[in-house]
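The sequence and structure come first.

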Number of protein chains: 2
Amino acid sequence: MARNELVGNMLIAQSGGPTAVINQSLVGAVLEAKKRKAIRKIYGSLHGIKGILEEQLVDLGRETKPSLEAVAKTPSSALGSVRKKPTADDCRRIFGVLKKYNVRYFFYIGGNDSAETAHIIHEEARKSKYEFRCFHICKTIDNDLRQNDHTPGFASGAKFVAQAFMGDNLDNRALPGVKINVVMGRHAGFLTAASALARVYPDDGPHLVYLPERPFAMSRFLADVKRVYAKYGRCVVAVSEGISDRNGTPIASLFTKEVDAHGNVQLSGTGALGDLLAAQIREKTGISRVRADTFGYLQRSFPGLVSDVDAREARAVGREAVRFAVGGYASGSVAIQRKPGKSYRVEFKRVPLRSVAKETRHMPATFINKAGNDVTTAFIEYARPLVGPLPKIGRLKGHAVKKRK
Amino acid sequence: MARNELVGNMLIAQSGGPTAVINQSLVGAVLEAKKRKAIRKIYGSLHGIKGILEEQLVDLGRETKPSLEAVAKTPSSALGSVRKKPTADDCRRIFGVLKKYNVRYFFYIGGNDSAETAHIIHEEARKSKYEFRCFHICKTIDNDLRQNDHTPGFASGAKFVAQAFMGDNLDNRALPGVKINVVMGRHAGFLTAASALARVYPDDGPHLVYLPERPFAMSRFLADVKRVYAKYGRCVVAVSEGISDRNGTPIASLFTKEVDAHGNVQLSGTGALGDLLAAQIREKTGISRVRADTFGYLQRSFPGLVSDVDAREARAVGREAVRFAVGGYASGSVAIQRKPGKSYRVEFKRVPLRSVAKETRHMPATFINKAGNDVTTAFIEYARPLVGPLPKIGRLKGHAVKKRK
């Protein structure tokens with residue numbers, strides 16, 4: 001053990017929406033911590049900071065390696081999650097608990113809301129002159145964390161979305177009509193954009209892709225659908241749950257009132273947006289066969305469809321967070337940054353908590369086409385190595401038989 | 001070639017909702033036909049009987065084996081599908097086309113509606129004393145064909161549903177609340193019942209399963225949800241799109257007016273049923289976090305999640321149909337029947353067209369629990385060998401840490 005190494009217990013927790021690989025990060029951190037003498041007890045808090053406040057802790061040091069490895073391959077937060085923004089009073093109580101359990105290493109796996117929570121806790125620790133290490137471990141299928149090329153969970157969500165559109169495009173080809181699929185991602189379009197990876201043949205859907213980064217105008221949407229339908233006799237549309245009008249009002253927010261503790265409108269867990277868009281098409285274009293599906297929670301925790309790159313990187317960010325903390329850094333978030341060059345390579349960097357907290361990252365302009373209804377080749381090149389190989393799609397040559405007289 | 005063997009061309013078509021393995025049946029039939037000298041040209045009709053009426057045919061005999069094998073592994077009807085019930089006039093025109101192309105072998109891949117169509121066409125052929133062989137090749141994710149132990153397409157749909165519920169149960173465990181998932185199947189509960197295959201641990205969801213075979217009463221549903229929520233602090237519910245009240249009125253039909261040519265109400269492609277049930281729970285139980293997802297078309301054509309048994313059997317029914325027809329049978333449907341015994345084995349039987357047409361099969365009473373809100377062990381034992389292995393689900397032992405004073 002190095003001189004002046006901070007010795008004490010560790011606590012780790014998971015927060016926000018689950019992903020298919022969030023447990024890889026948990027297990028990555030726990031297995032690394034088990035190797036470190038500076039870290040004594042390894043506590044897991046149940047349901048994020050709620051478990052700290054209520055002292056609902058489990059001893060992760062007693063979990064066996066086979067059990068941890070099985071958990072790593074299992075989607076959704078094994079420790080339970082929470083959508084809770086701590087108040088100033090919550091933070092004081094959290095420190096009471098952390099001190100009581102001699103926690104010197106704190107790791108919080110989550111999105112930008114969780115980075116904000118970690119930042120608040122870290123500030124509180126500084127104020128009370130309690131020596132400890134506070135790290136955020138990134139995850140979110142929305143892929144909307146600043147400082148990151150991409151975030152763990154996104155690639156597996158993107159793989160699900162791409163495969164779902166592959167199948168749905170074939171379905172729509174067999175029974176033509178207009179098909180709308182509503183995809184998660186809140187105010188970032190990355191996951192919806194991943195639908196474009198489904199394309200194999202030139203006439204494959206999605207034929208239109210609507211992202212929250214561009215204002216959504218119903219009239220232009222209807223004109224786009226009519227144009228594609230006239231060309232192909234069918235139309236597959238990818239729509240982000242977070243599409244907003246020119247005033248920034250989410251289209252979905254017109255139909256729901258529920259918000260979480262961070263003030264976020266509930267965009268998922270309802271089919272209202274898809275049904276609204278389908279009704280508009282039926283009413284305004286005269287096309288009769290119009291269907292809408294909302295992919296919903298399947299996108300974020302589907303077992304058996306994990307991207308290999310995603311699983312590997314999610315494990316790595318957990319491990320790296322422990323290394324940075326034990327190495328002496330007081331706080332930070334582990335960001336995934338892509339190295340320049342032709343082949344896909346990444347590095348894991350420590351960045352300040354504040355730099356990933358609160359604000360979200362959006363699709364860069366280079367990833368969106370001029371008309372604002374599709375992605376560019378640059379996006380495909382960005383996303384392809386993350387998602388990895390997709391199922392092969394065969395098609396009949398379809399040699400036409402000459403009509404007999 | 002045997003004496004008196006009927007020599008001529010073959011025509012094959014696909015109908016109704018696509019499945020993940022419907023092209024296995026197409027390819028099974030085509031590859032078998034290629035070996036048979038009695039069969040000359042192998043025509044495929046585009047979009048079912050619509051392609052016959054419009055003489056939109058392709059020459060499947062010119063497709064290469066690698067191309068056919070790639071198509072076999074690809075979900076959704078490669079020839080295109082249709083939802084069209086032929087009129088008497090349509091049937092006369094169909095015979096005009098069949099005679100013109102010297103079609104002596106006709107194969108129609110589809111559900112009970114398609115068996116009915118094949119039956120009508122066969123009757124028309126008999127009336128006009130046109131010698132030909134007319135076979136129905138079964139498929140439907142709804143698993144509702146009489147004479148069959150199960151139908152091609154069901155097992156892959158069931159695998160998707162089971163994996164979706166595995167992930168969603170983990171999601172609901174991480175962020176507790178009530179989660180409703182609406183599953184396809186029309187008036188048969190098999191696909192919804194397959195959600196129960198997701199259970200690994202005793203407290204795993206789905207905690208409640210509502211099937212169209214039992215009348216749905218809102219008051220009992222709400223009481224069930226409250227009871228489960230009180231016990232586990234969460235509740236995952238599987239609901240068939242086809243649930244009906246005691247008068248047989250589908251709950252979903254209160255929210256849609258669209259019907260297809262066979263008089264079937266549109267139950268899929270809308271989130272209305274799930275949203276209605278979620279609103280009822282919010283309003284009547286006081287539980288605040290309630291979400292609903294409608295799995296929609298993903299269930300029937302998701303690539304990369306095919307059941308091996310399903311793929312093999314779908315191939316076999318296509319092949320067997322050609323063998324029966326060339327062997328001399330005038331008409332029939334190829335049914336999958338399970339052999340008695342401990343290990344899973346099936347046989348493929350020729351049954352009369354009329355015996356699978358029109359009427360649907362329902363979940364037997366032995367597959368449904370007394371309360372009408374779950375399946376029985378008998379159903380699990382029935383479905384498990386069809387679906388095959390599912391992803392391993394790990395769980396932390398979760399050794400509780402003693403609270404410090």
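## Extent of the interface

In this predicted model, 86 residues of chain A are in contact with 86 residues of chain B. The area buried between the two chains is about 6400 Å². Carbon and sulfur atoms give 55% of that area.

## Polar links and contributing elements

The rule finds two salt bridges across the interface of chain A and chain B. One of them pairs Arg300(A) with Asp171(B). Their closest N and O atoms are 2.7 Å apart. Between chain A and chain B, 42 residue pairs are in polar contact, both residues being at pLDDT 80 or more.

On the side of chain A that touches chain B, two strands, β3 (57-59) and β9 (290-294), each give two or more residues. So do α3 (65-72), α6 (154-174), α9 (272-285) and α10 (298-301) of chain A. The largest share comes from α6(A), with ten residues. By class, this side of chain A has 34 nonpolar, 27 polar and 25 charged residues.

## Helix α9 of chain B

Gly286(B) follows α9(B) and has a positive phi, near 80°.

Which residues of α9(B) are buried? They are Leu273(B), Gly274(B), Asp275(B), Leu277(B), Ala278(B), Gln280(B), Ile281(B) and Thr285(B). Their cover includes α9 of chain A. From chain B, the cover includes β6 (178-183), α8 (218-232), β8 (235-240) and β9 (290-294).

Notes
Residues numbered from 1 in each chain as written. Chains lettered and ligands numbered in written order. Predicted model: local features only at pLDDT ≥ 70, side-chain atom pairs only at ≥ 80, totals over all residues. Heavy atoms only, no water. Contact = heavy atoms within 4.5 Å. Buried area = accessible area lost by both parts, 1.4 Å probe. Salt bridge = Lys/Arg side-chain N within 4 Å of Asp/Glu carboxyl O. Polar contact = N/O pair within 3.5 Å; in protein donor to acceptor, adjacent residues only side chain to side chain. Helix = DSSP H or I, 4+ residues; strand = E, 2+ residues; numbered from the N terminus. Nonpolar A, V, L, I, M, F, W, Y, C, P; charged D, E, K, R; others polar. Buried < 20%, exposed > 50% of the residue type's maximum accessible area, 1.4 Å probe, protein only.
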